[in-house]
Amino acid sequence: AVVSTQSTGEMAKFITVNSFAEYLKAAESSKSTCSQIFALFTGSLTASGKSWCPDCVRADPVIEEASKSLPSGTCFITTYIDRPTWKDPANEFRKGDLKLKSVPTLVKLGSEQRLVESECAKKSLVEMLFEED
């Protein structure tokens with residue numbers, strides 16, 4: 001199940017999911033409705049409300065702020081990955097088409113463009129990824 005979908009006026013559409021299967025569904029359904037799709041893979045939140053992943057704690061607010069300027073017609077999928085899933089070297093995020101090597105990873109779907117780890121906390125890099133055609 002999709003946890004939340006927000007769409008207001010001329011903003012991008014934001015989708016939040018909590019598993020690989022949910023991510024695949026969200027990415028597939030977004031293909032027909034979105035001009036471009038970005039996907040953020042980040043550590044899930046612990047009871048304290050912060051991610052278990054230190055790089056994610058630094059990057060998430062930077063990406064969230066930059067994503068506010070994404071144009072209408074853009075979809076932004078946030079996938080929260082829990083620590084036990086991520087630590088399994090055979091998990092689907094690492095093995096499948098995504099071939100993730102670290103979290104956070106921000107990907108422009110349909111391209112080779114991605115930011116990993118500390119790059120995701122650099123506002124200029126995030127904005128550049130969002131602006132490139």
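**Exercise 1.** Which residue of β4 is the bridge partner of V17?

*Solution.* Work in the predicted model. β2 covers residues 13-17, and β4 covers residues 74-81. The two strands pair in the parallel sense, over 5 bridges. Now look across from V17: its bridge partner in β4 is T79. Finish with the surroundings of β2. This strand is mostly covered, with 4 of its 5 residues buried.

**Exercise 2.** Find the aromatic pairs of the whole structure, then classify the pair F38 and F130.

*Solution.* The search gives 7 aromatic pairs. One of them joins F38 and F130. Their ring centres are 4.8 Å apart, and the angle between the planes is 70 degrees. Planes over 60 degrees apart count as edge-to-face. The F38 and F130 pair is therefore edge-to-face.

F38 belongs to strand β3 (residues 36-43) and F130 to helix α5 (residues 123-131). The pair thus ties together parts 92 residues apart in sequence. Check burial last. Buried means under 20% relative accessible area. F38 has 0% relative accessibility, so it is buried. F130 has 7%, so F130 is buried too.

**Exercise 3.** What kind of pair do F76 and F130 form, and which elements does it tie together?

*Solution.* Take the geometry of the rings. The centres of F76 and F130 lie 6.1 Å apart and the planes meet at 80 degrees, so this pair is edge-to-face. Then take the elements. F76 sits in strand β4 and F130 in helix α5, so the pair ties together parts 54 residues apart in sequence. F76 counts as buried, because its relative accessibility is 3%. Now widen the view: F14, F38, F76 and F130 form one aromatic cluster.

**Exercise 4.** Where do the buried residues of α5 fall, seen down the helix axis?

*Solution.* List them: V126, L129 and F130 are the buried residues of α5. Down the axis they fall within an arc of 100 degrees, so they line one face of the helix. An α-helix has 3.6 residues a turn, so residues three or four places apart point the same way.

Turn to the other face. Away from the buried side, α5 carries the exposed residues S124 and E131. Then ask what covers the buried side. The cover includes β3, α2 (54-67), β4, β5 (105-108) and β6 (114-116).

**Exercise 5.** Which residue lies over the face of W86?

*Solution.* Look above the ring. R94 lies over the face of W86, at 4.0 Å from the ring centre.

Definitions and conventions
Residues numbered from 1 in each chain as written. Predicted model: local features only at pLDDT ≥ 70, side-chain atom pairs only at ≥ 80, totals over all residues. Heavy atoms only, no water. Phe/Tyr/Trp six-rings, centres within 6.5 Å; stacked < 30°, edge-to-face > 60°. Buried < 20%, exposed > 50% of the residue type's maximum accessible area, 1.4 Å probe, protein only. Lys NZ or Arg CZ within 6 Å of the ring centre and 35° of its normal. Pairing = 2+ DSSP bridges. Arc of directions from axis to C-beta. Contact = heavy atoms within 4.5 Å.
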